[in-house]
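Reader: I would like to go through the terms used for this model. Please set each value against its definition.

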Amino acid sequence: MAEFFGGPRAPSRHGYSIAGWRAPSPLTLFSTVLLLLLFAPAPQVSASAQATEGATGASADKPAAQGTLSLLDALQLMLKKDPNVALARASVETALGSLEVQQAGFDPLLTASVGGQDSEDPTSETEVLSVEAQSLSAGASQLFRTGLSVSGSLDVTRTETSPGASNVGTISFTIRQPLARGRGRDVTGADERSAELSLEASRLDLQHRIAERVLTVATQYWSLVSAVADLEILRENESRSRRSFENYRRLVEADQVPAADLVQLEADVMSREVARLSAEQTVFERRQDLGFAIGLDAAASSALGLPSDAFPTAGGTTDVDPTAPQLLDAALRDRADMQALDLRQQSAEVLLAAAENALLPRLDLVLTPSYTGFSADDDISGVFNSLTDNIPSLSTTFGLSMSWPLRNRAAKGLLRQSEASIRTRELQVTLLENSITNEVAIAADAVRSSAEQLDFAIRAVGLFERALDNEQKKLRASRSTLLDTITQRDRLTSAQQRQNSAEFALALALIRLRFQTGTLFEMNGDDIVLEFDRLTTAPDAALTGAPSGR
């Protein structure tokens, strides 16, 4: 082996003097490198990547009133109980584990071994010699994200024979720098970077999954509100029918009106009871559906309180512009699933660069400085003296190492897969963009249309109330029939139910528009902030002339 510095040098326990410069001993060098590799700070996952458990917290946490349930209460329960959210959170943990696996490739690696041998040497001319040998070795290695790898080893062997003992100690380093394949952070750290992007995408998937569950629970909540309101309408209608029946029965008993019409009124009461019983069943079903959406079992769903929040009003929602460019831009920017897909496309591009590099031959520059010492001390200290005594020179070898698969089909296959993944992500982005812009336009138009329908429905109810009042006055003045009064009352009930349906449709349209534009909630760090006003109003970007924002 060629001498690293050239020329003989006097051994010393503390180092070597070379051209006026006193070099530290190889043992000191090895110990320093070993400590650096052992205590080098491991790369940490970013705080945003680690925060997965707290990604479903919400700021509003007020308890429900006794016997009632607000929309925010229902959403809070969903965040705690819904298995769908727990499954999405588990996917984030899986992605975090994948990142840690990729980071492990850059962790320092320590090795150590101890061995012994007891044998006899039959080749001696005088007598059979007994030979005992003990060996100790330790090493450390580190791969850096640039592709450079450094390793060091310490080997000590003690051989005891009948004449005496000999100790041989060797310290060596291996420094390997890729020149072609495997060179650079973009290549060596590609899998780690891809895992980081996948983790961030999984966290956005969790956020989008929560948005889907918020939409589902809010939809079921408003459905229950609608069912309860419809039940109240039918109960009031039944009450009016009973009052009419009782009043008419007293008139019949006083011989003021014919008894034949009493049968018709009693039949009307019965039909109202049937409608009310059906509405009560609907309320029960809607409450169970809400509990199921929250993540509760049947018993817990039955114990839910009745909704305490009223439907949102139509104020200002008639100004929603389905074609507002700010609305579409905000949706493409704020939707978590769109952001997640963008990150996965970046991840595919990172792997593509590594796949292209894998087509190159493996060409490494290898540098191996080392030295071997010797000690003939019989005591145990001679084992370690061999690392500093009788060292002829510090030697090194260097050279080039190359490997080149001639067909390299594995690398070509990985490149083909990476290119296909890039094309797939590009198509997925296009499809999602088209879907989002289409759904946003539909949802915005639904808000505008539902607000107009609600306005007409409210005015219709007012007119039918006046019409029923007039019909009852005409009946008392004998200028109308009982059948006309019942018919007018049915028209009022139908108008009230249409108003209830219009309020329900507007509430759904608003929550769907918020979902489609990615503005259902805000993120405060890793916490989800739920606000009732945000869930029951249109985004500012959807309003004509309003700035893009909340």
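Predicted model: local features only at pLDDT ≥ 70, side-chain atom pairs only at ≥ 80, totals over all residues.

Reader: What makes β7 and β8 a pair?
Author: DSSP must find at least two bridges between two strands for them to pair. Strand β7 (residues 149–160) and strand β8 (residues 165–178) are joined by 12 bridges and run antiparallel. Therefore they pair. Leu-154 has Ile-171 in β8 as its bridge partner. Strands here are DSSP runs of E with at least two residues, helices are runs of H or I with at least four, and both are numbered from the N terminus.

Reader: What joins β8 to β10?
Author: 10 bridges do, and β8 and strand β10 (residues 362–375) run antiparallel. Ser-172 has Ser-370 in β10 as its bridge partner.

Reader: Why is Asp-268 called buried?
Author: Buried means under 20% relative accessible area, exposed means over 50%, and partly exposed is in between (1.4 Å probe, protein chains only). Asp-268 has 8% relative accessibility, so it counts as buried. Asp-268 is found in helix α7 (residues 260–294).

Reader: What makes the link between Asp-268 and Arg-489 a polar contact?
Author: A polar contact is a pair of N or O atoms within 3.5 Å; within protein, one must be able to donate a hydrogen and the other to accept it, and residues adjacent in sequence count only if both atoms are side-chain atoms. The side chains of Asp-268 and Arg-489 are joined at 2.8 Å.

Reader: Which side chain makes a polar contact with that of Gln-288?
Author: The side chain of Ser-302 does, at 2.8 Å. Gln-288 also lies in helix α7. Its relative accessibility is 17%, so Gln-288 counts as buried.

Reader: Is Leu-136 buried, exposed or partly exposed?
Author: Leu-136 has a relative accessible area of 34%, so it is partly exposed. Leu-136 sits in strand β6 (residues 129–143).

Conventions
Residues numbered from 1 in each chain as written. Heavy atoms only, no water.
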